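Let's take a walk through this protein together, one stop at a time. Keep the picture open and find each part as we get to it.

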Amino acid sequence: MPPKPTKYAHLSIDGEADAIDLPIYQGSEGTPVIDVAKLGANGYFTYDPGFVSTASCDSDITYIDGDQGILLHRGYPIEELAEGSNYLELCYLLLNGELPNQAQNDEFVRIIKKHTMVHEQLAFFFRGFRRDAHPMAIMCGVVGALSAFYHDSLDIENPEHRRITAHRLIAKIPTIAAMCYKYSQGQPFIYPRNDLDYAANFLHMMFATPCENYEVSPTLARAMDRIFLLHADHEQNASTSTVRLAGSTGANPFACIAAGIAALWGPAHGGANEAVLTMLRDIGDEKHIGEFVKKFKDKDSGVRLMGFGHRVYKNYDPRAKVMQQTCKEVLEELGVENDPLLRLAQKLEKIALEDDYFVQRKLYPNVDFYSGIILKAIGIPVEMFTVIFATGRTPGWISQWNEMISQSYKIGRPRQLYQGHSQRRYVPMDKR
Ligand code: CMC
């Protein structure tokens with residue numbers, strides 16, 4: 001429910017005396033919004049391709065101030081969460097609105113661990129995919145298929161069903177993500193180990209084999225946890241809006257999250273972490289940076305500086321700063337502080353931050369600029385990067401979906417500015 005209007009905007013069409021009064025709401029933070037819902041009844045729609053000025057819902061979960069570079073989850077700054085919290089605690093916060101006390105935290109961790117395995121039958125589903133399928137293609141299909149496995153929790157009107165589904169998704173997504181990887185490698189799936197924490201268990205499922213244990217380094221597990229944490233939610237981005245739009249039809253949550261995964265796949269969104277690494281490899285050497293920067297600035301080249309720019313942040317993405325620090329820690333731990341890709345990334349970042357083109361357009365590094373370098377150092381193949389993003393974003397998608405379903409909501413149904421033919425008569429084939 002929106003708050004009471006603080007003011008009204010008066011929309012007068014062509015100076016007509018009878019203005020249309022539009023309520024203005026002020027949220028607890030951020031830009032005031034003009035409620036245009038009644039405009040349709042007055043014979044007008046609003047027009048905003050790409051939703052650059054449109055708030056699609058009200059939400060209590062995440063707040064971004066793009067000019068200041070601020071990201072808050074339930075009011076807590078991302079830097080403080082990254083420093084003091086961990087991914088599962090953040091999942092609890094996103095889902096429930098408050099940080100857990102010790103007993104709540106222990107119980108939440110216990111429940112998530114209880115759900116880490118997937119239905120044994122799901123393993124057969126993987127076999128329908130080609131071995132060389134992109135892991136995101138597999139993930140979209142398998143997550144959508146979960147609705148065929150968990151019939152006992154599909155009543156979206158039942159809060160208990162929604163709660164179990166949220167727990168199942170958060171618990172099973174890393175298992176599915178690791179299965180996508182194992183399948184592409186032709187290796188057997190590795191069962192979860194519930195004596196490990198969330199991120200360490202994911203690394204175990206990725207890298208252990210039935211013949212060889214994988215010793216999880218605490219620094220790498222911490223880095224993995226941070227990557228999940230930094231991706232956990234980001235208010236009404238393209239994939240989250242997709243989840244909400246799919247959910248507004250009453251579709252089941254597994255189908256909605258599969259839709260979100262599909263939307264995340266694109267290189268302008270979650271696919272950017274993969275694209276950053278490909279770009280750094282294409283540049284190859286510091287001496288080529290100049291010619292690439294020229295291309296990035298030339299619209300006709302169709303090439304963008306991947307990992308730079310954001311629809312909302314017109315300042316440093318606060319997640320990028322934490323990511324940069326984590327990157328240094330990981331490379332130090334692995335003894336590859338002089339990693340050539342990291343050096344190249346740092347050089348490129350410095351040049352771009354001083355270049356007029358990027359400065360004037362307020363293009364700063366985003367979360368994806370450094371995450372790929374960390375993931376590569378951990379040993380995760382590039383095709384898995386967006387799968388990792390999807391794994392981390394799951395609590396955000398499910399919290400936003402749950403928030404919408406718990407409120408009164410309407411099916412999402414945008415209108416359009418039609419520019420096609422007006423009505424005309426059908427022409428039979430022999431008269432064309
Ligand atoms: N490289 C070069 N020019 C850029 C870039 C870039 N990365 N990003 C934006 N611009 C230019 C763009 O050409 C335009 O210039 P002009 O004003 O002269 O026409 C201006 O900056 C504004 O760009 P826009 O495309 O209108 O901005 P947008 O808000 O629609 O796009 C974006 C945001 C993230 C899609 C875009 O910045 C981009 O494509 N970045 C690279 C991909 C990337 O890193 N994506 C990850 C985003 S963060 C993770 C996530 O949310 O999924």
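In helix 7, the buried residues are Y198, A199, A200, N201, F202, L203, H204, M205 and M206. Here, "buried" means under 20% relative accessible area, while "exposed" means over 50% and "partly exposed" is in between, using a 1.4 Å probe and the protein chains only. Helices are DSSP runs of H or I with at least four residues, strands are runs of E with at least two, and both are numbered from the N terminus. What do the buried residues of helix 7 pack against? Their partners are helix 2 (87-96), helix 3 (102-114), helix 6 (159-185), helix 8 (218-230), helix 16 (368-378) and helix 17. Contact here means heavy atoms within 4.5 Å.

A quick word on where all this comes from: this is a predicted model, in which local features need pLDDT of at least 70, side-chain atom pairs count only at pLDDT 80 or more, and totals for chains, interfaces and linings use all residues. Residues are numbered from 1 along each chain as its sequence is written, and side-chain values use heavy atoms, with hydrogens and water left out.

Now move along to the loop between helix 8 and helix 9, where you'll find A232. A232 is buried, with a relative accessible area of 0%. Leaving aside neighbours within four places in sequence, A232 is in contact with Y87, L90, L94, G392, R393, P395 and G396.

Next up is helix 9, residues 238-247, whose buried residues are S239, T240, V243, R244 and G247. An α-helix has 3.6 residues a turn, so residues three or four places apart point the same way. The cover over the buried residues of helix 9 includes helix 10 (253-264) and helix 17 (385-406).

Let's zoom in on R244, which is found in helix 9. Is R244 buried or exposed? It's buried, at a relative accessible area of 7%. The R244 side chain makes polar contacts with the side chain of Q400 at 2.7 Å and with the side chain of E403 at 2.8 Å. A polar contact is a pair of N or O atoms within 3.5 Å; within protein, one must be able to donate a hydrogen and the other to accept it, and residues adjacent in sequence count only if both atoms are side-chain atoms.

For something else, look at V36, in the loop between strand 3 (33-34) and strand 4 (62-65). V36 counts as partly exposed, at 30% relative accessibility. Not counting residues up to four places away in sequence, V36 touches L22 and T46.

Last stop: the ligand. Of the 22 residues around it, H269, K299, R304, L305 and R311 come nearest; a residue is near if one of its heavy atoms lies within 4 Å. A ligand nitrogen atom is 2.9 Å from an N or O atom in the side chain of Y357, and a ligand oxygen atom is 2.9 Å from an N or O atom in the side chain of N366. The protein covers 77% of the 940 Å² of accessible area that the ligand has on its own, with areas coming from the Shrake-Rupley method with a 1.4 Å probe, and, for residues, only the protein chains shown counting as cover.
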